[in-house]
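Please view the sequence and the structure before reading on.

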Amino acid sequence: MVPQLALATDLAIILMSAATISFIAKQTDQPTIVAYLLTGLLLGPAVLGVVTSSDTTATMAELGLAFLLFLLGIKMRIGDIKHILRPVVTISLPQMVLVCLTGMATALLLGFSIWDALLIGLVVMYSSTAVVIKMLTNKDEVTSLPGKIDVGILIIQDIVVVILLTLLASGRPDSVADVGTTLLTILGLIASIGLVTAAASRYILPKIFRRIADNKDVFFLVSIAWAFLFIFVSKELDLSIEMGAFIAGVALAQLPYSTELRERIAPLTDLFILTFFVSIGLQLDAAALFIYWQEAIIAAMILMPAKFLIFFALTNWQGFSLETAFLGSANMIQVSEFALVAGAVAVTGGFIEEPILGFLSLLAILTMSVSVYVIKYNHQLYERFYPYISFWESDDERVIEQEKYRDHAVVIGYDAVTRGTLPVLDEFYDEVVVIDRQIAHVEILTDAGYDVIYGDFRHTEIRKQARLMHADFVLSSSAEPDVNKALLGDVGEGTTVFVEAEWDDDARDLYAHGAHYVVMSPQLTAERLAEYLEAYFVDRATFTDAIETDIARMSRSDLFPQTSEEMEGGLDE
């Protein structure tokens with residue numbers, strides 16, 4: 001019982017400390033990954049020494065890495081970047097080579113051995129998916145052209161880093177031939193699993209998830225079970241469990257339910273990811289962490305400008321505008337969290353010693369901490385530096401048709417309230433986007449030609465995907481005040497918003513929050529009932545005609561009735 005009690009105490013200390021440090025990091029716009037690392041350093045032998053790494057925390061950390069890769073895979077929707085895939089690949093491959101060589105040269109100049117320099121070069125060539133996606137999402141720039149280019153490059157980098165992690169997890173090779181053999185074996189197994197996964201993603205998973213997506217609990221459990229299935233298979237094939245989790249996530253990412261799924265599993269994955277990054281900090285003692293602190297500062301000062309220049313030159317070479325090249329490059333100057341991941345795996349595999357992991361940890365913390373401010377003020381930096389880089393500007397710029405909503409209509413929920421309004425909106429808007437979490441409704445709307453986002457509107461990712469900030473008109477059929485207040489907080493200043501409420505106080509509150517019209521269903525029903533009663537007692541023929549019209553309307557199979565054509569005659573006269 002004592003070990004279990006000690007584990008519970010350690011987890012309580014970790015969670016409370018991580019929450020406190022994350023709150024402080026949030027106030028200074030720092031990424032939570034930095035907060036988690038600092039938590040581990042603070043609690044571990046480097047500072048206080050109140051928490052030690054145990055077998056249980058090590059297992060949770062290993063699962064945390066697997067879930068980090070699973071979550072990464074779920075975000076990899078190939079369709080989101082297919083229209084810029086060619087230039088993205090052309091940029092990312094030479095970028096990784098050039099940054100790797102720069103990292104190696106920097107490490108050699110700082111006095112590291114050739115072997116250590118090679119590992120340092122291999123792990124610093126990636127940018128931080130967590131930092132870039134988080135900051136661009138906060139700025140609503142993920143779907144901008146620079147954002148799409150960065151996301152595409154991050155996807156290519158993440159695929160490479162997963163292969164690298166699998167290679168490192170196989171242990172230190174005896175010769176170059178062993179490296180080649182191991183790499184070919186890994187690629188062969190990955191290809192085999194990938195083919196099976198692609199077939200499942202196309203023919204099996206859609207049928208399964210179509211049946212279960214309406215049940216939130218089963219939806220969640222099947223998704224997690226899918227991840228653990230691939231973790232199990234990868235372990236049995238002597239592949240890293242991270243690779244299996246990543247492939248499982250990629251398969252789910254191609255489904256229309258992936259955005260909702262990310263929101264569902266986020267709390268669980270966040271817990272495991274927190275444990276992983278805290279565990280890295282717990283493994284470092286003060287001596288290992290600060291042996292190379294001067295080298296880490298110098299390396300950060302070299303690598304951040306070098307990364308920017310390499311990205312900028314390659315993006316400009318592909319014919320993108322000067323502003324696109326500058327903004328996209330400024331977003332990618334940090335060293336990735338996967339430098340820590342790869343470093344931790346490399347220490348376990350005997351490739352490097354702990355002081356090198358300490359160097360990589362400080363390097364990642366420094367570059368990520370600086371980069372959040374660079375991304376936050378990237379437009380201002382572009383305006384400041386434009387006079388000095390304007391000579392790069394070219395009249396022959398690549399034109400990319402961006403797939404994103406603008407000046408569109410958004411309808412939240414498909415029900416009796418919104419069903420009749422869709423044809424009306426279709427007449428006035430080129431794009432009508434409907435958000436609903438009922439599979440039957442999604443299929444009906446998709447067959448009718450509407451753009452449908454599957455998911456719960458309460459989830460931030462769903463609202464961002466609908467691009468409420470750029471919508472011209474939004475109609476919500478939800479009568480929940482909190483949902484409609486969240487909607488009113490996300491729309492742009494010029495967006496017209498119709499919402500629904502059940503009570504007068506809620507309606508007045510929604511008007512105060514900026515709603516243009518609040519549909520009061522109970523009041524409308526009461527007014528209609530009064531009209532029916534009056535007709536019943538005063539004009540029985542009109543009442544009979546109105547009832548027959550209502551019955552005929554309810555008996556129709558028209559999924560999208562033209563209600564505007566029915567607003568004449570009967571009681572409405």
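Predicted model: local features only at pLDDT ≥ 70, side-chain atom pairs only at ≥ 80, totals over all residues.

Residues are numbered from 1 along each chain as its sequence is written, and side-chain values use heavy atoms, with hydrogens and water left out.

**Helix pairs**

Helices here are DSSP runs (H or I, at least four residues), numbered from the N terminus. The table gives the angle for each pair, where axes are lines fitted to C-alpha atoms over the stretch in contact and angles run from 0 to 180 degrees between N-to-C directions.

| Pair | Angle | Axes |
|---|---|---|
| α4 and α13 | roughly 155° | within 10 Å |
| α2 and α11 | about 45° | 7 Å apart |
| α22 and α23 | about 10° | 10 Å apart |

The axes of α4 and α13 cross at roughly 155°, which makes α4 roughly antiparallel to α13. Angles under 35 degrees count as roughly parallel, over 145 as roughly antiparallel, 65 to 115 as roughly perpendicular and the rest as oblique. The α4 and α13 crossing is right-handed (the near helix is turned clockwise from the far one by less than a right angle). Contact means heavy atoms within 4.5 Å; residues of α4 that meet α13 include Thr90, Leu98 and Thr106, and those of α13 include Ala299, Leu303 and Trp317. By class, this contact of α4 with α13 has 12 nonpolar, 6 polar and 1 charged residues. Ala, Val, Leu, Ile, Met, Phe, Trp, Tyr, Cys and Pro count as nonpolar, Asp, Glu, Lys and Arg as charged, and the others, Gly among them, as polar.

Helix α2 (residues 32-43) packs on helix α11 (residues 258-283) at about 45°, and α2 is therefore oblique to α11. The crossing of α2 and α11 is right-handed. Among the residues that meet are Ile33, Tyr36 and Gly40 in α2, and Leu274, Phe277 and Gly281 in α11. The contact of α2 with α11 divides into 10 nonpolar, 3 polar and no charged residues.

Helices α22 (residues 481-490) and α23 (residues 504-512) pack at about 10°, so α22 is roughly parallel to α23. Pro481, Asn484, Lys485 and Leu488 in α22 meet Asp506, Asp509 and Leu510 in α23. The contact of α22 with α23 holds 3 nonpolar, 1 polar and 3 charged residues.

**The cavity**

How many cavities of 30 Å³ or more does the structure hold? There is 1. A cavity is a set of points on a 1 Å grid over the protein atoms alone where a 1.4 Å probe fits but cannot get out, and lining residues have an atom within 4 Å of a point. The largest cavity contains about 30 Å³ of space, a volume being the space filled by probe spheres set on the points, which are joined across faces, edges and corners. Helices α4 (85-109), α13 (293-317) and α16 (354-376) each supply at least two lining residues, and α4 gives the largest share, 3 residues. The lining includes Gly103, Thr106, Ala299 and Phe359. Its residues divide into 7 nonpolar, 2 polar and no charged.

**A proline in α16**

Pro355 lies in helix α16. The C-alpha atoms of Pro355 and Ile291 are separated by 6.5 Å, although these residues are 64 residues apart along the chain. Pro355 touches Ala288, Ile291 and Tyr292, not counting residues up to four places away in sequence.

Methods
1 Å grid on protein atoms, 1.4 Å probe; cavity = no way out; pocket = protein on both sides within 12 Å on 5 of 7 lines; lining within 4 Å.
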